[in-house]
Amino acid sequence: MVFRGTITDAPDFDPTADAEALYNAMKGIGSDKDAILDLVTSRSNAQRQEVIAAYKCSFGQDLIDDLKYELTGKFERLIVSLMRTPAYHDAKEIHDAIKGTGTNERCLIEVLASRNNTQMHAMVAAYKDAYGSDMEEDIIMDTSGHFKKMLVVLLQGTRDESGVVDADLVEQDAQDLYAAGEEQWGTDEAKFIMILGNRSVTHLHMVFDAYEKIAETTIEDSIKSELSGDFERLMLAVVQCIRSVPMFFAKRLYKSMKGLGTADNTLIRIMISRSEIDMLDIRECFRLIYEKSLYNMIKDDTSGDYKRTLLNLCGGDDDLAGEFFPEAAQIAYKMWELSSMTKVQLRPTVRPAPNFDPAADAQALRKAMKGFGTDEDAIIDIVAQRSNAQRQEIRQAFKSLLGRDLMKDLKSELSKNLERLIIGLMLTPAEFDAKMMRKAMEGAGTDEHALIEILVTRSNEEIHAMNAAYQDGYKKSLEEAIQSDTSGHFCRILVSLVQGAREEGPADVERANADAQELADACNAESDDMEMKFMSILCTRSFPHLRRVFQEFVRRSNKDIEQIIKKEMSGDVKNAFYAIVRSVKNQPSYFADRLYKAMKGLGTDDRALIRIMVSRSEIDLFNVRKEFKETQDTSLHEFIQGDTSGDYRKTLLVLCGGED
């Protein structure tokens, strides 16, 4: 194994001199924290063990006890953890995760999904030595179901590491996984556990490729649709570690620092455990997916001696280099390859109601709005649990039976966000999109993000229907409205998209190669020429074709299209092209990100929240939910619950369709 750590053996190492330096840094009043952190982070773990032994010989004291006494808080936790051997550090993390009330399942998942056989055996032995009990027994006592079974399988440390691959077994395993999940009602979890818990990394890479050909979806998407809860999270972590351990840890590090507050235990655990193994690769993956260096994220999210120690472990700022890495480019290539091979099964959260009776629904809605007060619960139960086509029948029945306009009645009875949401659900998709485009452009200021989101994600057919609805509703063409409200290259991009003339159909390999070369050449052109060339390809080619173009672009330029857009472009043009790329790669993930941004921080962008929940509920909101859970480590249901209130929240949660 080639180690790509940031911490290596210090040259001219003298453990006795180091022990003396640490003793001097701690004696007297106060301690020299800079001397401690600089010394500890510039020695390998093996060298630190020698320093501990030399300290006891020279001063008759326990170095770890002295460090605990002198240091405090997160800095103390970090330095003391660096002084433990990797096996004892892992053992302590597992012990802390299961002791007391409640279990830290995420810690169990992270550690057990990512360690190799040797590390696993050493950790189990260290646990027995440190705590006098059996790790397997303690985990069994603290977990349950399929989650427990998979943890126990991983804990054995018996994954095949021979590197020998049997082509027939690859096909058999792929077929067995397909039969255990996608092909049947219910899931044969035991088959997933046996194959993912025991086969070699090389073998499983080939199984995943074979699986995609059979199922026309990735193993990750199958796991998301077939499994749930901690077991789903564990199996996804195993698959991610099979694909790329550094990528798995890059995502875990990002989640530990994003948003309010920092998950310091996770941050400390990963920075220590990977500093001598693959921290350089983790840094590259981090920059690839988040367009920001790990170094800068740590710098922005931590402080004091704790920050300095973490930055030493990180080992350098990749943003300063401004270059893209071959290893990261290879991962980007594979990501596009997966994206181009996968047919995602889109799953809605709102479906047509069975035993539908539009006349009865119309009468029930009238009753809910008659007299003093309004029965909001009755309105929500009907409107949010009917398909859009059924709602149109209710509108018609309301007028035919009662001679009244349902939309006017709803507007007069409801208010604020609940009214906006219910009215949005009652409009046809085309009317709703037209209204959202109008709202994004009316008054002072323009909501460019809304314009981008709608035009990038709608099909040609949906755009044509929206254009007709806009003309009908506002007596002006949508194209004219865009031209009077935007300018420059951004205006041109929107006008191109609003034609609804994007090519449809599969990738043309030869043309994709030519397109990729044109994009690569355009990166060296003047800014205006570059943007025009990007527009001519990104706004007109089919999504399957663009996946192939972006994959080929990586091969030809050793750069990723997302990073080029982020680095070379700015403002609304950058946002529009970036949205196209994100949508081409994984549209549910794009919407999950938009929902997160609509609710995070102070205040909620209710218009964006309503727009996405309404427009995706009958298309792919289930997929969006799954992506939200994976990227944010919390469910969309939970996020909505914490960010909204009253009947508005109740309606959104019905549309959301469940807790993940």
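The buried residues of helix H17 are Asp264, Thr266, Leu267, Ile268, Arg269, Ile270, Met271, Ile272, Ser273 and Arg274. H17 spans residues 264–274 and is mostly covered, with 10 of its 11 residues buried. The model is predicted.

**Arg386**
- Arg386 sits in the loop that runs between helix H24 (376–383) and helix H25 (388–402).
- Its relative accessibility is 15%, so Arg386 counts as buried, the cut-off being under 20%.
- Beyond its neighbours within four places in sequence, Arg386 is in contact with Val350, Arg351, Ala353, Phe356, Asp361, Asp381, Arg391 and Ile394.
- Among these contacts are two aspartates, Asp361 and Asp381.

**Asn355**
- Asn355 belongs to the loop between helix H22 (326–341) and helix H23 (358–369).
- Although Asn355 is not a glycine, its phi is positive, at about 50°.
- Asn355 counts as exposed because its relative accessible area is 80%, and exposed means over 50%.

**Lys416**
- Lys416 is part of helix H27, which covers residues 416–426.
- The phi of Lys416 is near 50°, a positive value in a residue other than glycine.
- With a relative accessibility of 67%, Lys416 counts as exposed.

Technical notes: Residues numbered from 1 in each chain as written. Predicted model: local features only at pLDDT ≥ 70, side-chain atom pairs only at ≥ 80, totals over all residues. Heavy atoms only, no water. Helix = DSSP H or I, 4+ residues; strand = E, 2+ residues; numbered from the N terminus. Buried < 20%, exposed > 50% of the residue type's maximum accessible area, 1.4 Å probe, protein only. Contact = heavy atoms within 4.5 Å.
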